[in-house]
Number of protein chains: 2
Amino acid sequence: MNAPIYLDYNATTPVDPQVADAIEPYLRQHFGNPSSSHVYGRNAHQAVDRAREQVARLIGAQADEIIFTGCATEANNLAIRGTARALRDKGRHLITSAVEHPAVEQPFQRLSEDGWEVTIIPVDSYGRVDPAKLSTALRDDTVLVSIMHANNEVGTIQPVEEISAMTRARGIALHTDAAQSMAKIPVSVDDLGVDLLTLAGHKFYATKGVGALYVRRDTPLLPVLVGASHEAGLRPGTENVPAIVGLGEAARIAYEREPEKIQELRLLRDQLHNRLAEAIPGMQLNGHPEQRLPNTLNFSFPGVNGRDLLAHAANEVAASVGSACHEDDDTVSGVLGAMGIEVDRARGAVRLTLGMASTELEIERASEALISAWQTITS
Amino acid sequence: MNAPIYLDYNATTPVDPQVADAIEPYLRQHFGNPSSSHVYGRNAHQAVDRAREQVARLIGAQADEIIFTGCATEANNLAIRGTARALRDKGRHLITSAVEHPAVEQPFQRLSEDGWEVTIIPVDSYGRVDPAKLSTALRDDTVLVSIMHANNEVGTIQPVEEISAMTRARGIALHTDAAQSMAKIPVSVDDLGVDLLTLAGHKFYATKGVGALYVRRDTPLLPVLVGASHEAGLRPGTENVPAIVGLGEAARIAYEREPEKIQELRLLRDQLHNRLAEAIPGMQLNGHPEQRLPNTLNFSFPGVNGRDLLAHAANEVAASVGSACHEDDDTVSGVLGAMGIEVDRARGAVRLTLGMASTELEIERASEALISAWQTITS
């Protein structure tokens, strides 16, 4: 039996073979601790420095603005709780959105338990934050705003540039979780106007177990995990050299990727959209029709439960009903709920996400399998 | 030029080739997110489960008592701050020792800033905690004791069994940082009597970027990093599957290693000791003569600065003056200071740590190089 067609790139991507090749010498030969002052350590340190430059270049930052972490969740904790702690004497009001990943939502929840006040900005039916609503929520004691760059479940891109115009004018720190947007749409820290930005290796063809936080120079920040003085004192723990080297290589590949490749991905995604919509009357797109990641298609199949549909098609298609983080959970997606999508439609939602290895043949076969599964269940 | 002889295994170990082989398929083929419910995810989930059993077996634990983390520092933060938070309504007194790694020392420092009271137990001239002193420090509001299993700089093994007899009798949680002892001396959570135990992949031939925390069932613990519900709700973030698979394989290898191999390592270490002591009058051992890791030799060279000595021998020997984490720092080791070692002797200290790949020829060549460097500087 062939492996099912992988349409779950937003959950995780395969490791690019060039990334695996870049990692391998750091797995098999170069093993030094970057903190050691001998030649083994210096080699490792140089490899980490090179990766730092590669990641910085991808997002238009300086190398010394990149902090490597063990995952994007850790980077989000550092960004949000580290800023809140650093600015706790300045103010205790924080703002985020109703459609953030748990890795952002939960740090705010923790801060809320610990005495901070958190305002959660609602989204429209496309999953977008209205900058005007955010504007009215800003207060004199607001110290941090965190709004994701693009949503993991529906792909909707947030108006981060408009938000940063407001936060910058008021001297409020702005964080964005760019785990899903990285290498799918342009991510420039200066164009976005953000002070802190999270990225995740395993969402753009590097490995799991590595993330990074961009920290604009002079942004007040304290570490969340504490220990020795690695990563400018902001993230203790021996650097994960092989994974960091891989992250650098993935950043290099993304930086050098021709924009046409992303356009091809978008066309493939739209082919999948059209095939499904033509065969199944009443399909409904979840997420913004245009302001959306080029690889993401969140569709509600009428009259079925998305989980049942995927179970029927499991031999042919591997996809999910939403964030991989709550796949065990049988409740409907909080993101779709925040968008005001009624329960029946939310139950029918399936997230189909494409990647650089997706092909036209895969899209044909996957759409046939999904259509057939839908017909079987509803007939 | 040949690479210098590596005598810094306490800073980090090379990855065992079998570990690299075990990792490779998870780098190149199996890339699923363990949280995904499709076959890609299930394969990844099974690999993580298998590793969890391998790690548990090495320390005599159950698989569901193992929490994977991004590094030992993170595991220490979770153990110490997670317990303190979980028990904050029970009591706010904590106990640790004066010779802990910064990854333990700093979490206590953070808790101290946040209103907990921390008692730091001194050590004797060998670097050992006196259980009687610890006993008198225990109070009704003591909720956690954390004493390392073996010291990273001098190798001294702490009387954890004696300490656990006291903490268990009083219902106080006991944590030990076993990053340095793992796979060098027997580490059994039941023999030690600990409730929480930290281990680090890159200290026993797995990769950097992965650690684990053993948590005895029913030990109160709250997460430090927060996000989605991975790792029993105690450590959010997509699991670092390749590194976790590698950690499991390293645990398997350590579990199956014949005790004679460790005895050979000890003999090699003692050969190095004897060669240096015979050639250099006035060499002084730092650390306990017997209750010490079999691979660790911390020696003070008379009349020289350890850094200068290693700089002179840098083409032949790669070692350190202490913990890799503060190699940049020119002050003398806090561990040696806590042992009451005078500054001149502490300045002459060099840490020589052997590993499974060390050979008799290496020991001969390294001792010649170190003796020659000492003679050059002091002549």
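Which residue is the bridge partner of A:Gln284 in β10(A)? The partner is A:Ser300.

This is a predicted model, in which local features need pLDDT of at least 70, side-chain atom pairs count only at pLDDT 80 or more, and totals for chains, interfaces and linings use all residues. Residues are numbered from 1 along each chain as its sequence is written, chains are lettered from A and ligands numbered from 1 in the order in which they are written, and side-chain values use heavy atoms, with hydrogens and water left out.

**The sheet in chain A**

Helices (H or I, at least four residues) and strands (E, at least two) are DSSP runs, numbered from the N terminus. Two strands pair if DSSP finds at least two bridges between them. In chain A, three strands form an open sheet in the order β9-β10-β12, with antiparallel pairing. Its edge strands, β9 (284–286) and β12 (349–353), each pair on one side only. From one strand to the next, the twist averages 35°. Axes are lines fitted to C-alpha atoms, for helices over the stretch in contact, and angles run from 0 to 180 degrees between N-to-C directions. β9(A) and β10(A) (residues 296–300) run antiparallel and are joined by three bridges. Helix α9 (residues 259–279) of chain A lies across β9, β10 and β12 of that chain. α9 runs at about 15° to β10(A). Contact here means heavy atoms within 4.5 Å.

**The sheet in chain B**

Chain B has an open sheet of seven strands. The order is β2-β8-β7-β6-β5-β3-β4, and the pairing is mixed. β2 (66–69) and β4 (117–121) are the edge strands, each pairing on one side only. Neighbouring strands are turned by 20° against each other on average, direction ignored. β2(B) pairs with β8(B) (residues 211–215) in the antiparallel sense over four bridges. There, B:Thr69 stands opposite B:Gly211. Helix α6 (residues 160–170) of chain B lies across β5 (142–146) and β6 (173–177), at about 160° to β6(B).

**Where the chains meet**

The size of an interface is often given as the accessible area lost when the parts come together. Chains A and B bury about 5,100 Å² between them (accessible area, 1.4 Å probe, lost on being put together and summed over both). Of that area, 57% is on carbon and sulfur atoms. Each chain gives 66 residues to the contact.

Helix α1 (residues 17–28) of chain A packs with α1 (residues 17–28) of chain B: the axes come within 11 Å and cross at roughly 170°. The two helices are therefore roughly antiparallel (angles over 145 degrees). The residues of this contact divide into eight nonpolar, no polar and six charged. Ala, Val, Leu, Ile, Met, Phe, Trp, Tyr, Cys and Pro count as nonpolar, Asp, Glu, Lys and Arg as charged, and the others, Gly among them, as polar.

B:Pro14 sits in the loop between β1 (5–6) and α1 of chain B. B:Pro14 touches A:Phe31, B:Tyr9 and B:Tyr205, not counting residues up to four places away in sequence.

**Salt bridges**

A salt bridge is a side-chain nitrogen of Lys or Arg within 4 Å of a carboxyl oxygen of Asp or Glu. Two examples follow.

| Pair | N to O distance |
|---|---|
| B:Arg28 and A:Asp21 | 2.9 Å |
| A:Arg252 and A:Glu256 | 2.6 Å |

A:Arg252 and A:Glu256 both lie in helix α8 (residues 241–256) of chain A, four residues apart, about one turn of the helix.

Terms used: Angles under 35 degrees count as roughly parallel, over 145 as roughly antiparallel, 65 to 115 as roughly perpendicular and the rest as oblique. Buried area is the accessible area (1.4 Å probe) that two parts lose on being put together, summed over both.
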